2 protein chains.
Amino acid sequence: MAGFADRVIAASESKDSVLVVGLDPNVDYLPNVLAPTQESGRAVAEAISQFNRLVIDAVADHAVAVKPQLAYYEVYGSDGICALEDTIRYARSKGLLVVQDAKRGDIGPTASAYAQAYLHPSSPLCGDALTVNPLLGADGVNPFVEAAMQHATGIFVLVKTSNPSAGQWQDLIAADGGTLSQRIAAYIADIARNHRGEHGYSAIGAVVGSTYPQDALALRSIMPHSILLVPGLGAQGGRADDLTGYFDAQGQGALVSSSRGITYRYCAVTPEWKHATIDQVFASIREAALTSQRALNNARHQSQRIR
Amino acid sequence: MAGFADRVIAASESKDSVLVVGLDPNVDYLPNVLAPTQESGRAVAEAISQFNRLVIDAVADHAVAVKPQLAYYEVYGSDGICALEDTIRYARSKGLLVVQDAKRGDIGPTASAYAQAYLHPSSPLCGDALTVNPLLGADGVNPFVEAAMQHATGIFVLVKTSNPSAGQWQDLIAADGGTLSQRIAAYIADIARNHRGEHGYSAIGAVVGSTYPQDALALRSIMPHSILLVPGLGAQGGRADDLTGYFDAQGQGALVSSSRGITYRYCAVTPEWKHATIDQVFASIREAALTSQRALNNARHQSQRIR
């Protein structure tokens, strides 16, 4: 199997897309026809599975990957994790990559167990890539790197997150130079350089939020061999127009994720959304995905022109 | 219900213990009589549940809390999470606090979902406290603080972890003073000061690894109102003798966790451990817990003498 970065770029070229659709299920936003029939964890999990399948069908032609945000499954315990397992299987059967947004990070042996859970094909929770929190340093990150190399999966290490307080620690300036984000980026770059695939990119990527475009150019240049996973488009305030600096001169090198702005678009545009039909929900999600795909492609082409 | 810190101190006084037993199940270390009968995820999860119940019975008189390390459950997907749910229920029924060692951290809305999953009593994964990764800054930590306050649960924020590369980022010296660890500690202290319980401690605790005793005195004094969760005793090289600086003048203010050194002690001391009986395993775990309890109490008394 091709390495993760080459699979991303192949999917991106064949679909003409860099869109990732976040799967952050919230049953409060389901129309009556899709809402859980009971309050039990199992009924809620079943509703989440069904809704995610609908989303996957609606976005499969327009998105490269889906990105389940694990908190929204863990909140229903083992029932929620069953829904997540179903979602992973279904997405992969529809030709979508699966990026598990779990932000895991731990000491070495525990990081190895997380890597086994999310990056080893024998695990029921294995996707194509995992987001990783680097706060514990190299011996908390290396097990993920090793698993990614061994199983042709990938990781995205948190470098600059999309939230308002991201800079509280990530922008801390070190006495011997650089911000914490830049230091982490340089560390990632050293690993990525040694693991490049056919297209020059490595399976060792980085999260750089869409809400900090002024930081992206510097981080992009520190990490020339890392695909950037760019969250925060839409609901968090990131704008596709601002993303030119995240791409390389070929308009590649970044995957951009939008969640609620696509999956719950119908709540924003349809006053009577509680009574929406399945067909209406499907059409709304598909159109929102197409709109995001095109807006991102504009940013990619802009990036190709200015470089 | 009393706040988390007051519940910790009450349990610690009534059991004369500050010991936390880590539950990091690894079926390779189970004797034949406890090993899974099949390779299926469900059979493995069942074996983990049974072993954890044995550990809980063996340590309930000697430990204040158990600390499941979530990676070792996630590796078996939804089956593993079922085992975790069973373990949480059983531990609480035996009067043990449950610290979920999940190191979660995310942007605001997602952090709220994690807080709901681990700190809200209605969740099947709710314990008494959760470890939290602060890399995303205040809006990634606040939802956990709010949930802890609302539900009389607690958090332990990663300040200085126990692993060899902990210092790679955590010891980074900021241009305007202090290490990253110290800056995070000062931030935690500000929150904890406003949420003190009857004994002067807050539900907002901090993780400070047992392997860095030279840092502990400074971090202890920056965070006078935070209970320290101190991992790394035993297998990771931390020594009870080195821990005096983690406690306050009353010998309180820290919980010390040991995992493999207690739960798999029989593998180290019994050459024929694969053939050990349940009674032998139980006795070994109980004795290892008692030994750790006493060693930690010596460190606490030492701390009271020198202050």
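Select Gln252(B) and Ser12(B) in this predicted model: their side chains are joined by a polar contact of 3.3 Å. Gln252(B) sits in the loop that links strand 7 (226-230) to strand 8 (254-258) of chain B. Is Gln252(B) buried or exposed? Gln252(B) has a relative accessible area of 8%, so the residue counts as buried, the cut-off being under 20%.

Next, show what surrounds Gln252(B). Beyond its neighbours within four places in sequence, Gln252(B) is in contact with Ile9(B), Ser12(B), Glu13(B), Val18(B), Tyr201(B), Phe247(B) and Arg300(B).

Now switch to a cartoon view and select the strands of chain B. Eight strands form a closed barrel in the order 1-2-3-4-5-6-7-8, with parallel pairing. From one strand to the next, the twist averages 30°.

For one pair in detail, select residues 154-160 and 202-208 of chain B, which are strand 5 and strand 6. These two strands pair in the parallel sense over five bridges. Within this pair, Val157(B) stands opposite Ala206(B) of strand 6.

Then select residues 41-59 of chain B, which make up helix 2. This helix lies across strand 1 (19-23) and strand 2 (65-68) of chain B, and runs at about 170° to strand 1.

The last stop is the largest pocket, which holds about 430 Å³ of space. Its lining comprises 20 residues, and those nearest its centre are Pro25(A), Asn26(A), Val27(A), Asp28(A) and Tyr76(A). Select helix 2 (41-59) of chain A and helix 5 (108-119) of chain B: each supplies at least two residues of the lining. Helix 5 of chain B gives the most, with four residues.

Conventions:
Residues numbered from 1 in each chain as written. Chains lettered and ligands numbered in written order. Predicted model: local features only at pLDDT ≥ 70, side-chain atom pairs only at ≥ 80, totals over all residues. Heavy atoms only, no water. Buried < 20%, exposed > 50% of the residue type's maximum accessible area, 1.4 Å probe, protein only. Polar contact = N/O pair within 3.5 Å; in protein donor to acceptor, adjacent residues only side chain to side chain. Contact = heavy atoms within 4.5 Å. Pairing = 2+ DSSP bridges. Axes fitted to C-alpha atoms, helices over the stretch in contact; angles between N-to-C directions. 1 Å grid on protein atoms, 1.4 Å probe; cavity = no way out; pocket = protein on both sides within 12 Å on 5 of 7 lines; lining within 4 Å. Points joined across faces, edges and corners; volume = space filled by probe spheres on them.
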